[in-house]
Amino acid sequence: MSWSIPIGTVKGTVIRIHITFFLFLLWIGAAYHAQGGWPAALEGVVFLSLLFLCVLLHEFGHVFAARRYGVRTPDITLLPIGGVARLERLPEKPSQELVVALAGPAVNLVIAALLYAALGGFVPAGAAEVQNAGIDVLSRLAVVNLFLALFNLIPAFPMDGGRVLRAVLASRMGYVRGTQVAASIGQAVAIGLGLLGLFGNPMLLFIALFVYLGASSEAHAVQMREITHGVVVSDAMVTRFETLPPSGVLEDAVQCLIRTTQHEFPVVDGAGTLRGVLTRDDLIRALRDRGPDTPVLEVMRPDIPVIHRHGKLEEALRLMQEKSLPAVGVDDGNGRLVGLVTPENVGEMMMVQAARHALRR
Ligand SMILES: [Zn+2]
């Protein structure tokens, strides 16, 4: 999600726009300009702004429905084919997930219904061509909202329909199995869309890829949660690593980098307290921009949370994912750093678990 630009915050939810949204904007602008020059291109911008607003309202449908169940939304990312509201956690019951998933498309249906009513129930033929400048803005917007509602109900992750399907399956076969089945159905739908795209609309190929990746990442996230469930941090952390003193400079970190296979270097003071983590990428970048004498304190990430050694691995994972952290520190309860959890070592744990499962079968 690093290919997105934050544009503002509404009630604690950061709104981001994915870079491809701007490509879509350029494509529409060019298509309008070719048909009717600058006035048409301007109208295209108005249309897209309104469309943007509808997608955002769709996402806020999810946000406010989730809020009813006490679930917050740290951010929303807007893509040309829709938005992604990243919920802090899943609602507890499948029935609640169902309501949250349906709330988005419901917003588009309401907007479409209001526009139809405002237009006297009539929408001219050809309004489905979003790039057609000959059709008035409101008619096109009505059709696009209808499309958004239907498109999002495709039963595949990351579409809302995938969540609806998972909620229905989860209420019968449990959460993990329900997600696996829903992800498989989603991938089958993606392959179907891809085949249609090969013979028809190339836009479908792009959507198919998006759906396929969405299905695998959802299945992966749930598998990750299943494997980390009930595991104590001290059973999963890295305990052998080199640390840097707060007085260290980048040259010291370079020596560590070459001597070890570590990618994250904790900066630890005399009392054994974690002050921050210097990542390999930050080290290399700062080395190039600022030189080897730069203090590590100025380059490290200081916002690294520390959890107790008897804490849950799930919690460490949630912290890493939510803030895209390079590591989470583990202490002994007296503020002394005793271990590190990194995405890499959680990944290794998953490989081991998968191998054990396979052996049991
Ligand atoms: Zn949605």
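Me: Are His58 and Asp160 buried or exposed?
Reply: Happy to start there, keeping in mind that this is a predicted model. Buried stands for under 20% relative accessible area. His58 falls in that class, and Asp160 does too, so the word for both is buried.

Me: Which residues coordinate the zinc ion?
Reply: The donor atoms sit at 2.0 to 2.5 Å from the zinc ion. Along the sequence, the donor residues follow the spacing H-x3-H-x97-D. His58 belongs to helix 1 (residues 19-68) and Asp160 to helix 4 (residues 160-173), so this pair links distant parts of the chain, 102 residues apart. Two histidines give NE2 and the aspartate gives OD atoms, which makes the coordinating residues His58, His62 and Asp160.

Me: What is the geometry of the zinc site?
Reply: For four tetrahedral donors, the ideal angle is 109.5 degrees. To count as tetrahedral, all angles must lie between 85 and 135 degrees. Here the four donor atoms make angles of 57 to 150°, so the site of the zinc ion is irregular.

Me: Which helices each supply at least two residues of the nonpolar patch?
Reply: This surface patch has about 860 Å² of accessible area together, and its members include Ile191, Phe199, Leu205 and Tyr212. Tyr212 has its place in helix 6, and is partly exposed because its relative accessible area is 36%. The two suppliers are helix 5 (175-199) and helix 6 (202-228).

Me: Where does UniProt list "domain: CBS"?
Reply: The annotation comes from an unreviewed entry. In the model, the span 237-294 is 36% helix and 19% strand, with its end C-alpha atoms 30 Å apart. The record lists residues 237-294 and 300-359.

Key: Residues are numbered from 1 along each chain as its sequence is written. This is a predicted model: local features need pLDDT of at least 70, side-chain atom pairs count only at pLDDT 80 or more; totals for chains, interfaces and linings use all residues. Side-chain values use heavy atoms; hydrogens and water are left out. Donors are N, O and S atoms within 2.8 Å of the metal (3.2 Å for Na, K and Ca); water is not among the atoms, so sites may look incomplete. Four donors count as tetrahedral if all angles lie between 85 and 135 degrees; four count as square planar and six as octahedral if opposite donors are over 155 degrees apart and all others between 65 and 115; anything else is irregular. Helices (H or I, at least four residues) and strands (E, at least two) are DSSP runs, numbered from the N terminus. Buried means under 20% relative accessible area, exposed over 50%, partly exposed in between (1.4 Å probe, protein chains only). Patches are made of residues with over 30% relative accessible area and no salt bridge: like charges are joined within 9 Å, nonpolar side chains (Val, Leu, Ile, Met, Phe, Trp, Tyr) within 5 Å. Accessible areas come from the Shrake-Rupley method with a 1.4 Å probe; for residues, only the protein chains shown count as cover. A salt bridge is a side-chain nitrogen of Lys or Arg within 4 Å of a carboxyl oxygen of Asp or Glu. UniProt positions are given in the numbering used here, feature names are shortened, and annotations may be inferred rather than shown by experiment.
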